[in-house]
Amino acid sequence: MEKEQVGIIGMSVMGRNLCLNLERNGYFVSIFNRSYKKSKKIVLEHPKKNIFCFKKIKDFIFSMKRPRKIFLLVQSGIVVDKVIKSILLYLNKYDIIIDLGNSFYKDTIKREIYLNKLNIKFVGAGISGGEMGALLGPSIMPGCKKSVYDNIKHIFFDISAKYNKTPCVDYIGPDGSGHYLKMVHNGIEYGDMQIIAESYCILKNLLKLNNKEISNIFSTWNKGELNSYLIEITSLIFLKKDTDKKYLIDLISDAAKNKGTGKWVCKSSLEIESPLSLIIESVIYRYISSLKHERNCASKILIGPKKQFLCKDKDAFIEDLRRSLYFSKIISYSQGFSQLYKISKKKKWNLNYVNIAKIFRSGCIIRAKFLNKIINAYKKNINLKNLLLDKYFSKIICNYQFSLRKIVSSSVLYGISIPAFSSAISYYDSYRSKNLPSNLIQAQRDFFGSHEYERIDVKGSFHTNWK
Ligand code: 6PG
């Protein structure tokens, strides 16, 4: 059978690796890059592979049979629009453009509408797994019309990561739902990284453990409930030494950067009023970390507790920390999935949470053993509004709360900043409260702004002359 020829625009590491992945899976791959040198280099490095580079975009487009399948792996934002504009002239009816970048979902929606008017099909697909994922198999989240997905799903099946032979890709939904899901994935990624960093901070600064000991703890944790890609790489990071034999982790600046997807998911949570507190704290923490100079100055003026932490039972404390991490991870995923639930209802995307959790099990950055628990929860109840209401999660979380309460109290008492851990327990305490003090907020709103309030004894809206 003749091999299918597909195209990729953008030969950064992700584009290059995806090209090799497609070729390995039997495709002929046409490649194009703004700088021809880069694509030429890839072809020269792989002389026996079915990879073909082109100087002119026109020749690149015409190298493929119709309907063409063109993958974009370019910088998100304006570059995507520029690239689309540059190829439009040469495209034909029913050609398919597949944007695999971290595009903002509202841009994806606009692009799809615009291109559909020109009879060009468009797919906004989130991919996760970093460079190695692109090469060996990423987790893929395609959002588009179902009929368009059906035309290209065989390619996604071939190149995606596999979990027990099941491809980590599925149809997500229409519009920008694929990119929306990728955005939530990234929010969860931020949350996971933050709670792991807070655990590191506690092990280092409260228990005064060294890098090797910390690595051992993460490695042990990776064998149990917390088993995940991020815990695994964390245990390895603490062992890496620089050329001068110093631990690399101790030489890395603590100002953490971000590319924006974390901010987007928080903005969306505020727009649709979905409480995403743990992830919001994680994004804010990156901003605080970037205030390196300010923090330096503040550290000389703003004092904290001086007392040394005395741990009576180190093993018990470490187990409390492990439970805190699992508790907080559950809260983070619950908040992320609840946001998906809310947006799905609002946009009528009909998201399938079982399939979403399934495609996260391999290839992507948040792959973790406990996704199977999420799958079970949604299998039992497809209309589950919050994972915490599922039997497995409610039981674990009720049990583990006491560990997190201890960890949060000790950290606060001894001046360790733990925004994600404390937001996890606060969310839990708010969510499980039949009565919140927000009756007072309602009264205040009515007092100063005549905003009215509802009563618990009589139906309707009320205003009181408070003075
Ligand atoms: C993935 C990642 C990836 C993301 C980086 C950087 O799933 O492969 O989410 O898409 O771009 O992790 O994200 P930040 O720079 O925002 O940390």
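A pocket here, worked out on a 1 Å grid over the protein atoms alone, is an open set of points where a 1.4 Å probe fits, with protein on both sides within 12 Å along at least five of seven lines; lining residues have an atom within 4 Å of a point. The model is predicted, so local features need pLDDT of at least 70 and side-chain atom pairs count only at pLDDT 80 or more, while totals for chains, interfaces and linings use all residues. Residues are numbered from 1 along each chain as its sequence is written, and side-chain values use heavy atoms, with hydrogens and water left out.

First, the second largest pocket. Its volume, the space filled by probe spheres set on grid points joined across faces, edges and corners, is about 330 Å³. Helix H19 (438-449) and strand S10 (453-454) are the elements that give two or more residues to its lining; helices (H or I, at least four residues) and strands (E, at least two) are DSSP runs, numbered from the N terminus. H19 supplies the largest share, four residues. The lining includes Lys434, Tyr453, Arg455 and Trp466.

Now strand S2, residues 28-32. Four of its five residues are buried, meaning under 20% relative accessible area with a 1.4 Å probe, protein chains only. S2 runs parallel to S1 (residues 5-9), joined by five bridges; pairing requires that DSSP finds at least two. Ile9 has Phe32 of S2 as its bridge partner.

Note on methods: Buried < 20%, exposed > 50% of the residue type's maximum accessible area, 1.4 Å probe, protein only.
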